[in-house]
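Reader: I would like to learn how to read the packing between two chains. Please take the general idea before the case.

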Amino acid sequence: MDALARLAESFIGLFQEGADFFVALLTGIVPLLLVLLTFVNALIRFIGPERIDRFAVFAARPGIAFLPLRYLVLPVLAVFFLTNPMAYTMGRFLPERYKPAFYDSAVSFVHPPLGIFPHVNPGELFVYAGIAAGLTKIDLPLGDLAIRYLLVGLVVILIRGIVTEAITAIMMGRRTNDGDSEDSVAGARA
Amino acid sequence: MKGLTALLERIGRSVGGIVGALYQAGRDAVETVLRNVLPFMVFISLVIGIINASGIGDFIAETLSPLASSAIGLIILTVIVALPVLSPLLGPGAVIAQIIGTLLGSEIARGNIPPQYALPALFAINPQVGCDFIPVGLALGEAEPETVEVGVPAVLFSRMITGPVATILAYFASFGLYPDN
């Protein structure tokens, strides 16, 4: 009987540990998240996400000078205003050869702003919040980490855009040389 | 008198509009939290609770902590996660990244990983971001099927380079973060 009781206790203990963790998350993250989400939702509503469309047409122009617009400003605006996953629809304004690079750049920006703007991807908050929760537990401030995560993220998405654009160009070029898929690449270049 | 009524009506309307938008924004926020955030919180609490209470946590901590507490280890972790074979499998819902992130967080809390490694770790656990979603993401951007055919391997190969680059950048950017620890 004693053993059974102890078994039951350790069984419940397995979940009590999780429940304690849940309460810590609930009180630590949810209130701020709700208020912040409300603010940003209202802001987006007042500004109007359709304005991004016009900027996307502008940023889609070819040329090295437009690289930072294509793989830095456009993905940031798209992710901020349209959030994951609707941000990727902005790719429709770009020529085919830039689309993979734009996707790579935009998708890489759905986590770095989470420390300051969790509205961009609340369903995957814990990529950031999981590590942040550990720092909170030992009473370290999060502001510096959140800002650095965002800034390094900006540099990374620009690099990803440029590298992926180059790799896409090489791979599309190879397909033309193979000869058997000329029209498809011509279509892709259109 | 007529002008005053018109003015009052206009004020009433615009205030009503703003309050309505804010109220709707709050409603959206609550729905997002209920639908997307809370279920994941419960799920991750269950996983973390079982991992910690059963002792698997110690095993994972022993394998993860050495990897996550040196620059070389973090780069090795990045390279593994960015492998084109693995990255699309590890991507969905960022579940793996979120679980590993939370585990690393509790290791930081226990003092097994120095806190300034939080920044490079954020990139080391996540070079696979979106790798499962490339065809859908490109389709949302109205890409041609030929572009998707080229785009999927292009992004996957690109991550082999940009994944470690991101971790190294973040490592250097973490200097001066939490200097007292």
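Author: A nonpolar core is a set of buried Ala, Val, Leu, Ile, Met, Phe, Trp, Tyr and Cys residues joined through side-chain atoms within 4.5 Å, where buried means under 20% relative accessible area with a 1.4 Å probe, protein chains only. This is a predicted model, in which local features need pLDDT of at least 70 and side-chain atom pairs count only at pLDDT 80 or more, while totals for chains, interfaces and linings use all residues. Residues are numbered from 1 along each chain as its sequence is written, chains are lettered from A in the order in which they are written, and side-chain values use heavy atoms, without hydrogens and water.

Reader: Which residues touch the most other members of the largest nonpolar core?

Author: F126(A) and L145(A) do, in a core of 96 residues. Its largest share, 10 residues, comes from α1(B); helices are DSSP runs of H or I, at least four residues, numbered from the N terminus.

Reader: What is F126(A) in contact with, beyond four places in sequence?

Author: Contact means heavy atoms within 4.5 Å. The partners of F126(A) include L25(A) and I29(A), and across in chain B F40(B), M41(B) and I44(B).

Reader: How many salt bridges are there between chain B and chain A?

Author: A salt bridge is a side-chain nitrogen of Lys or Arg within 4 Å of a carboxyl oxygen of Asp or Glu. The count is 2. R45(A) and D28(B) form a salt bridge at 2.9 Å, N to O.

Reader: How many residues of each chain are in contact?

Author: Chain B contributes 81 residues and chain A 68.

Key:
Buried < 20%, exposed > 50% of the residue type's maximum accessible area, 1.4 Å probe, protein only. Helix = DSSP H or I, 4+ residues; strand = E, 2+ residues; numbered from the N terminus.
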